[in-house]
Number of protein chains: 2
Amino acid sequence: MDDRTLTFQRPSAEALASVTNALAKKFGNRFSANETIRQQHAHTLTWGANQPPDCVVYPQSSEEVASIVSLCAGQGVPVIAFGTGTSLEGHVNAPFGGVSVDLSMMNRILEVHPEDLDCVVEPGVTRKALNEYLRDQGLFFPIDPGADASIGGMASTRASGTNAVRYGTMKDNVLSLEVVTASGEIIRTARRAKKSSAGYDLTRLFIGAEGTFGIITKITLKLHGIPEAISGGICPFPSVKAACDATILTIQSGLPIARIELLDELQVKAANIHSRLGLRETPMLLVEFHGSAASVAEQAARFGEIAEEFGGGPFEWATKPEDRTRLWQARHDSYWASLALRPGAKAVASDVCVPISRLAECVTETQRDIAAAGLIAPIVGHVGDGNFHVCVLVDMDDPADVKRTEDFLHRLVRRGLDMEGTCTGEHGIGQTKMKYMVEEHSAGTLDLMRSIKRALDPAGIMNPGKIV
Amino acid sequence: MDDRTLTFQRPSAEALASVTNALAKKFGNRFSANETIRQQHAHTLTWGANQPPDCVVYPQSSEEVASIVSLCAGQGVPVIAFGTGTSLEGHVNAPFGGVSVDLSMMNRILEVHPEDLDCVVEPGVTRKALNEYLRDQGLFFPIDPGADASIGGMASTRASGTNAVRYGTMKDNVLSLEVVTASGEIIRTARRAKKSSAGYDLTRLFIGAEGTFGIITKITLKLHGIPEAISGGICPFPSVKAACDATILTIQSGLPIARIELLDELQVKAANIHSRLGLRETPMLLVEFHGSAASVAEQAARFGEIAEEFGGGPFEWATKPEDRTRLWQARHDSYWASLALRPGAKAVASDVCVPISRLAECVTETQRDIAAAGLIAPIVGHVGDGNFHVCVLVDMDDPADVKRTEDFLHRLVRRGLDMEGTCTGEHGIGQTKMKYMVEEHSAGTLDLMRSIKRALDPAGIMNPGKIV
């Protein structure tokens, strides 16, 4: 229904001037209206147009964030939270202008409670910086999207990564948030207890809300002990279907595998070029086991049997930590590696997630579709969760290529939805996937989401034009 | 602020008559306004007053639930969802009258997808019925509150139980919900993919909302394979503190223990009386390990070492499944067993949950408090999560005893909150714990919860007078 749709608008020139002047005065050299800086803050790893904010501020505390939001709320000026800008779906674009709140200076690790396996961090801390910090204490934070994203951005997009099959996603690894609401109030969503039934789950509501309800200013994260033993390696398969089938059986048999990642033949080729891996160019599963030494050995043996059942092998173990790091770095670099397949092209990534029983079918059909459409598009996937990514290499100067890619990405999402899946397993909706929200959720569900948006952000200033 | 508080009221006599007449006509013998039935539907395992609904209906489909809610919405008549009535905090009371929607006839298991490790059930299915049904397929659903609660009620109170330390709570084990909203629309919160970043997490919003946003009519649950090996048993400790310290070290060392439950000496005594266990009356940890045969043996050995470090043991293994069942049944019956400690008394249970580093301190102080107050109050706990229950045996005819108990329960919650914990780990807020919401969450957070309540239930008809 039309009357239920949300509408947003650009602030008036007066309102905007009043806000930018006040921010410039308050933040001094932590304020910028420079054209390049503004464009950088609208940059996302997508092919959408760059829609820069009117200015960028760099707060250093929750109170400063609250003061920015209060100021903007008073004048109806949009506020867009910015982490590291590694979003893939246009989350940080500013279609209605406004203030980009760059949280990179809020990058302190405030508390670590080793005895409770949790910590409190500011949103600008990146996942790698956090793990660097934790290592000495024998702890780690498992969520690892490809980029070295900020924890705040990861919470806001409900990110996951290669460890999700064992450790869950951001929704499973956040105990509590401090948030600046759309009215500029600082609230906390929960306490530090490991579980609670005390009222509505505001933590989970802000996770994945992409900054459309408020700005996350502190995050209490669950941590894990670094496993006593880690082993893993890479296993070739005769086909993507065989690799998916092996994955399905691994999950179904309850093997507590920590990571199980698919690289199709094209992605292996890209990794060979980018990271000089020298791998055979055939579909591969990159796996890792965590646990005690005995348990890891047992898991690996059981996985080896499963792989063999589907014609996989021989398994190449990465026993030395540096070999393991090299393999996983190659996996994390897959986005950048894929660029090597078509120099000069833009890489446009999309992800879908389906029930695991449909995974082999979904990936196989997608490969067929890529071939039929004449695209260059490697596939990687967190296949243990039924989640995979396609990265299309597009010549942005060739309208026919752009059109072919658009049509393909549309069919990819459709295929995922037709198989009871979701249009995004972990990248989020942003701007790019808003068009699938009704199809995925139904109009009634989307209406309900909009009524929450309206309740929590009545003036529509929090990252407008995203999700709903 | 007063203007932010929600107010509810009883419907007018005309509105009520119009609804009850329509329901009586539509539902025939699946409608009742009988006094006893009404009182049963306001019965919860608490000492709060019985506040019966005006009538009870027994729908058999989502569409029937939607028609009931639509009818009530049109007349401003409260709607209270009812599962098995095992709530401990007055969730199903009807302080403003209205219609109790008893979901016990919606108890079908609709789909089981063994290959995806999930299933779709109606809300009236109980946890035991579900596990009975799943057993032949080698699957189980781990969440197990003490009572044989309904899955809908468990979702609505964000229930957990003895397996939560390993398998999480209801929030971690629901993939998707079908819900009848306050306007009587049927919506679905998510698809069947194992993870998704597609918009707001409505699933988690309805979980723990205690029926104040809508009525859950279908639940898609994650399932788990029955472990290849299960072993466990019971281990005595010289003190509650020693048992808690052993628990803390077990968790901190990353042992993937499936269950670790504390029974204090008084609870052991109650279990001995109720279930004829013949155990030594000293604090006990009841533990269970899940995994492969080798992994279970390794876990058990490691736990044995930890227990010994704190003076625990000797460990008594329950190798035979029937012994294990008897032990866990005794644990699940602890509420009923505790009644044996003071025949004729009422058992009033409360639960708090604190960061695990504070657990030993919190339980020890609570035991001291119980002794000083002269109460009879056994303690059991899902101590792996920092969560424990105190069950006070009260003589309801003795006002001094009632007062003593009230004061003690208040101090218990305060103690939990003072240690960064929550006023309820798994029982929910209901009516009884509403008074702690501001203290736990702050006024700002509670305001935010209220604005969501207002957005999703503008007429205030969904289980009014609960949570917010």
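Leaving aside its neighbours within four places in sequence, which residues is B:P283 in contact with? They are B:F237, B:S239, B:V240, B:A243, B:L262, B:L263, B:D264 and B:E265; two residues count as in contact if their C-beta atoms, placed from the backbone, lie within 7 Å. This is a predicted model, in which local features need pLDDT of at least 70, side-chain atom pairs count only at pLDDT 80 or more, and totals for chains, interfaces and linings use all residues. Residues are numbered from 1 along each chain as its sequence is written, while chains are lettered from A and ligands numbered from 1 in the order in which they are written.

B:P283 sits in the loop between α10 (265–275) and β14 of chain B. Helices (H or I, at least four residues) and strands (E, at least two) are DSSP runs, numbered from the N terminus. B:P283 is buried, because 25 other C-beta atoms lie within 10 Å; the cut-offs are 20 or more such atoms for buried, 12 or fewer for exposed, and partly exposed in between, with C-beta atoms placed from the backbone.

The strand β14 (284–291) of chain B leads on to helix α11. Among what covers the buried residues of α11(B) are β14, β12 (229–236) and α9 (240–252) of chain B, together with α11 of chain A. Those buried residues are B:S295, B:V296, B:E298, B:Q299, B:A300, B:F303 and B:A307. With 17 residues (293–309) at 1.5 Å a residue, α11 of chain B should span 24 Å, and its end C-alpha atoms are 25 Å apart, which agrees; the expected span is 1.5 Å times one less than the number of residues. After α11(B) comes B:G311, whose phi is positive, near 80°.

Next, the two chains. A rotation of 180° with 0.0 Å of shift along its axis superposes chain A on chain B, at an RMSD of 0.0 Å, by least squares on the C-alpha atoms of residues with pLDDT of at least 70 in both. The copies are therefore related as by a two-fold rotation axis. Both use the same surface, as 100% of the contact residues of chain A recur in chain B.

The contact takes 72 residues from each of chain A and chain B. On the side of chain A, α17(A) gives the largest share, nine residues. By class that side has 24 nonpolar, 29 polar and 19 charged residues; Ala, Val, Leu, Ile, Met, Phe, Trp, Tyr, Cys and Pro count as nonpolar, Asp, Glu, Lys and Arg as charged, and the others, Gly among them, as polar.
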